[in-house]
Number of protein chains: 2
Amino acid sequence: MEIIKTKADMQAWSKNKKKESRTLCFVPTMGYLHQGHVSLMEKGRPLCDELVLSIFVNPTQFGPNEDLSSYPRNIENDLSLAEKAGVTAVFLPIKEDIYPENFQTEIKLQSLPNHLCGKFRPVHFAGVAVVVTKLFNIVMPDKAVFGMKDYQQLQIIRQLVLDLDFDIEIVAGDIIREKDGLAMSSRNAYLSKSERTSALSLSRSLALAKELLAKGEKNTADIRSKIDSLIHSFPETKVEYVSFCQPETLEEIKVIEKKVLLALAVKVGKTRLIDNALIDPAQ
Amino acid sequence: MEIIKTKADMQAWSKNKKKESRTLCFVPTMGYLHQGHVSLMEKGRPLCDELVLSIFVNPTQFGPNEDLSSYPRNIENDLSLAEKAGVTAVFLPIKEDIYPENFQTEIKLQSLPNHLCGKFRPVHFAGVAVVVTKLFNIVMPDKAVFGMKDYQQLQIIRQLVLDLDFDIEIVAGDIIREKDGLAMSSRNAYLSKSERTSALSLSRSLALAKELLAKGEKNTADIRSKIDSLIHSFPETKVEYVSFCQPETLEEIKVIEKKVLLALAVKVGKTRLIDNALIDPAQ
């Protein structure tokens, strides 16, 4: 497994592999890898000849009051998990190489970021769009894998690839959960023991919605109100949003007639957690 | 010379050439080609194995009161000039293929568009940035040639390539002029006979500035005032801007100590014309 530290070296490595007609699959991450990331690497591994992982805590996707400075890091463990998952090159750039002085380009989507997390994190998806565009041009992959846990991000990347004509296939990876249902996230590391219990309110909400839907409940306002009550029955929780929306456009839906995305964000203590599920009244 | 009409076919053509290890040079244009474009094609021709020309009147770079609907077109003549200049593929997309329904991505530079033409054409350079990004991802060139007449555009493309990490070398082509000094432009076709004479006010202004500089004049306000008088001595002219600026950042300069860009925009009748020169007090 190669460790590559500059974008010039990464681009040279990728160009070299392409000259040898080898295909590249790419998994971009912010590190502090867990089984969710491992599943993305395992999904990507058989798709191409090479598997590139990037680890970069991207400053432009954090708001001024968010957790950039405290974001957890553990490079040694990350490299060990990457090697086991069959990664052939790890790209570990520094901030100054990705955003040199005089960097001034912004990439914004006009519609998709106006929903869900985008409402509460106004700079987040512009930061994601610009770093992913850069990483695509540096790594030059044939395919790239993004997790469904960041569902809005996945949709934004899919739209970005369509809009900017990247010749890259986007592959979606399933949400990976702890045994008790908590969706895996690097931010779970922030949770105290009591908060860890309250964090179950998110996956329990998804289960409750499926249950209510199975019983014939279709009015999203009614389901949302029951979910709100469930979440607030756990200590130290504060709902940011509970949203039922059309899975492609992310537009809010009032009555569930066909497959919808249920997405939610909850603050547990100071930690902001998200989760989602595609739910289908026909099933 | 191949004529390629869809982005899927263009991308396939380019990928195929790359598989054969052939290098690609790219000249993007809005058509109605003149000797300025020919010089860009001739500059690009020896640089790579293939020479791709695109012709696309990009709607997103025109403001609501600009000349999108009247922009001149002559595809037959364009194809004839392209073939003579050694173009191996012409990309002729339609608007609906470049901007499909639900297109929603914006690319904006934060600093460079705040000067010169960008002040008067608020959506122009965002439109240029997005279409050039798309064309780069569709054509996948190794090099791309842009003319110096659109100096601000050239600087913006250079910054875009740096900021988004495109693996593309940007090559600058000189301004090509008519015998009497008028910089070649597709928009010269709009000029009546009397306007054609007044259009000389732009190149004459550049000559005047060089003359004044040679005489030791360094104060840009003084030179600008003489240029204003010169331009307004031609009928039907209206100065939009006369700007002395730092050639990389495009920031306004008050006293000429080293090489500066003199750029100007003048309305001649209803036609907006631009011209520029790098001028150096040491020469």
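Reader: Before we start, what should I know about the model and its numbering?
Author: This is a predicted model, in which local features need pLDDT of at least 70 and side-chain atom pairs count only at pLDDT 80 or more, while totals for chains, interfaces and linings use all residues. Residues are numbered from 1 along each chain as its sequence is written, and chains are lettered from A and ligands numbered from 1 in the order in which they are written.

Reader: How many residues of chain B are in contact with chain A?
Author: 23 residues of chain B are in contact with 23 residues of chain A, contact being C-beta atoms, placed from the backbone, within 7 Å.

Reader: Which element of chain B gives the largest share?
Author: β5(B) does, with five residues. Elements here are DSSP runs numbered from the N terminus: helices are H or I of at least four residues, strands E of at least two. Those giving two or more residues to this side are α1 (7-19), β5 (105-109), α6 (124-139) and α7 (151-164) of chain B.

Reader: How do the two β5 strands pair?
Author: β5 of chain A and β5(B) pair in the antiparallel sense over five bridges; pairing requires that DSSP finds at least two bridges between the strands. A:T105, for instance, has B:L109 as its bridge partner.

Reader: Changing topic, in what order do the strands of the open sheet in chain B run?
Author: The order is β8-β9-β10, with antiparallel pairing. β8 (237-245) and β10 (271-279) are the edge strands, each pairing on one side only.

Reader: Which helices pack on that sheet?
Author: Helix α9 (residues 200-214) of chain B touches β8, β9 and β10, and its direction makes about 25° with that of β10(B). Helix α10 (residues 220-232) of chain B touches β8 and β9, at about 155° to the direction of β8(B). For these angles, axes are lines fitted to C-alpha atoms, for helices over the stretch in contact, and values run from 0 to 180 degrees between N-to-C directions.

Methods
Contact = placed C-beta atoms within 7 Å.
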